[in-house]
Amino acid sequence: MPVTARKTYLGVPRDRVENFHGKQLVYVSWDHHLLFAAPFLLCLSPQTPFGDLVQKALLPLLQADPDAAAIDWRQVEWLKDNRPWTPDFGRSLADNGIGHKDQLRLRTPGLDSLYRVH
Amino acid sequence: MDMKSANRKLSLKDKYRLFTRDLGWEPSYRTREEIFPYVQYEGIKVHDWDKWEDPFRLTMDAYWKYQAEKERKFYAIIDAHAQNNGHLHITDARYLSALKIFLQAISPGEFCAHKGFARVGREFPGVGTQVACQMQAIDEIRHAQTQIHALSNYNRFYNGFHAFAEQRDRIWYTSVARSFFDDAMSAGPFEFMIAIGFSFEYVLTNLLFVPFMSGAAYNGDMATVTFGFSAQSDEARHMTLGLECIKFMLEQDPDNLPIVQRWIDKWFWRGFRVLGLVSTMMDYMLPKRVMSWREAWNIYGVENGGALFKDLARYGIRPPKGWNDAEEAVDHMSHQLMLGLYQWSFGTAFHAWIPSDEDMDWLAKKYPETFDRYYRPRWMHIRKLAAAGTPFKNYGLAKLCQCCQLPVVFTEPGDPTLSCHRERVHQGEKYHFCSDHCQALFENEPEKYVQAWLPMPQLFQDLQGDLTAWMDWVFLRDGEDNGDYADSLDRRNFEAWRAMATSNQ
Amino acid sequence: MSTVFIALQANEETRPIIEAIASDNPLALVHREPAMVKIDAPNRLVIRKESIEERIGRRYDLQELQINLITLSGNVDEDDDSLTLTWND
């Protein structure tokens, strides 16, 4: 629906990728691990290898959770756009099809130290 | 306070007629459309503006008389507060966090409401409406001023009060209230009345002012009780104006119903999200609590809101769309947000803390279905991390909702263990939301919300993610204004000064 | 049934007003909370000028209520002699 207005109403999106100095935003969250109150916002180059996103950007943030050390990264189930998805750790974000502001979710069934998951 | 009415012989109704309607005139050399160009485009049809009546029938002469009396009462107490070391009479300095959030996020909103009512008072053609909006515009600027003035007494002694005006524009959590008011102020006059006059005043300010101010009394803060109740005495009139406006629209033309219902749905949800911050004040930030957020919601949300929507059913109005999801969220939101405020407290101009055993037992009693099951284990783990010398700081900045601008701390309806993920692509750009309702608001007016200035992504645009530069830019003094209350300067000062005030050492 | 209510600051000016309201509305429930008094009633609550004047021994303008009013709930109707709050079921 258009905005009710007296003239043509045009909005300019503020968070377009060209405003991020060659980088892009990626959101990452760990399902059922709400010690981290909200999904993480990461700002990375599209050329970053996916393995670096996990090892260098994400893993340090996850350390506060008692399940962090037990994550088996070969077994992690991934979702992108809320649908099952398989990343290639050796290839870049761009090559993995991870666009600006995409949301990635990881699932680790069986790990739920702090959470009573049904 | 023996006030004689100026016109003893005039009845209230006659006086109201003379002091409002009789001040209007029919324009002769410009058309009404030229004079009131904003009153039609929203689609609200009005056939007779004279049907608008202020139930209090307050006229300007009486208004000034009573407002002056309120100011005299207010300043008598503010003076007493300053003269009697009022800053040391609060239960403890944790309480100040609630005041800091109030000053940074809510008081500037009062000023926005002032600007909005000054504008719509000009845009509405009805004289009764113009007078009522003019009074409310003056009320709202009085609220902003008295709040800032009252809290300036704390600014002399404690951190985090010094840059509320800049922080209102720049720091992240204040953007929740700011975007609410920006959204309202950029709407047409009728939608503005629903946003502020109806949803904010009638459905929500009771929750903001009444139990919270009563809580301020419990916590020894007479300054806040006074500005709170002084402001709230105007709110009763504002609520009545909001309700009057909604009844007026619904009675003027049946075509107005779907428009009004859509606004009620929108503004109820937007207001409910702003109240998320208030829920943390009530459940966590008052050292001596008067009632839980849940108990306040039962009285002012369920009971009072329920009565209101039952009353409006005669016009075809139903409760707002988000009503049931709100009811479920009430048992979770204060905990979800406070856990967030604690882990991101390096970036807040107030202190957060880990609740004590006594606090947690109180929360468990007030939230028997949710606190022990979902939230106590997280707090206990956070306490363990602090005891080990590795306090939990979440430097992963948060995903924000494109509509309400809160960090997405909320969970799926029906599953409090899973983050709520909602996203949508609009004209090639991806947008994220905290809930179905915020997503629906975006989809109704995407052009409005694509422009949102979201503080977290902005940090990576202008400042390229430099946290120190960001702190300078938001006037946040690292190690003074932010962080855990346990080792804060506010705590050390409060305890030292209080000891000095109660002994001769 | 819906609850209408009015809340007033707890102070010397409102004490006789609260007494008057309680006596004019037998179904009203008076809740005394920190710094405020909230009066609930089923569907309807009336505040009468005359009852207040009897207690304070002077003339009273109902609009003086504005000074100590905290909040209210219900449709308002005010004239020179009374202020009424109602909900329609």
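A: Let's start with C:Gly57, which counts as exposed because its relative accessibility is 68% (over 50% is exposed, under 20% buried and in between partly exposed, with a 1.4 Å probe and protein chains only). This is a predicted model, where local features need pLDDT of at least 70, side-chain atom pairs count only at pLDDT 80 or more, and totals for chains, interfaces and linings use all residues. Residues are numbered from 1 along each chain as its sequence is written, chains are lettered from A and ligands numbered from 1 in the order written, and side-chain values use heavy atoms, without hydrogens or water.

Along chain C, C:Gly57 sits in the loop that runs between helix H2 (49–56) and helix H3 (65–68) (helices, H or I of at least four residues, and strands, E of at least two, are DSSP runs numbered from the N terminus). From C:Gly57 to C:Asn11 there are 46 residues in sequence, and their C-alpha atoms are 17 Å apart in space.

Now step back to the rest of chain C. Three helices and seven strands make up its secondary structure, and their order along the sequence is β-α-β-β-β-α-α-β-β-β. The C-alpha trace of chain C spans about 35 × 30 × 20 Å along its principal axes. Its radius of gyration is 12 Å, which agrees with a compact globule, because 89 residues packed that way would give a value near 12 Å (the radius is taken over C-alpha atoms, and the globule rule is 2.2 Å times the number of residues to the power 0.38). Of those 89 residues, 58% are buried. Among the contacts in chain C with a separation of 6 or more, 60% come from residues 24 or more positions apart (a contact is heavy atoms within 4.5 Å).

What charges does chain C carry? Its side chains include 9 positive and 17 negative ones, and the centres of the two sets lie 4 Å apart (Lys and Arg count as positive, Asp and Glu as negative, while His and chain ends are not counted; the charge is placed at NZ of Lys, CZ of Arg, CG of Asp or CD of Glu).

Chain C also has a partner. The contact with chain B draws 37 residues from chain C and 45 residues from chain B. Between these two chains about 3600 Å² is buried, with carbon and sulfur atoms giving 54% of that area (buried area is the accessible area, 1.4 Å probe, that two parts lose on being put together, summed over both). On the chain C side, C:Gln63, C:Gln66 and C:Ile67 lose the most area to chain B, together 19% of what that side buries.

Chain A, on the other hand, has no contact with chain C, and the closest C-alpha atoms of the two lie 31 Å apart. Two pairs of chains are in contact, and chains A and B share the most contacts. Chain A has one helix and five strands, arranged as β-β-α-β-β-β along the sequence. A compact globule of 118 residues would have a radius of gyration near 13 Å, but chain A has 17 Å. Within chain A, 53% of the 118 residues are buried.
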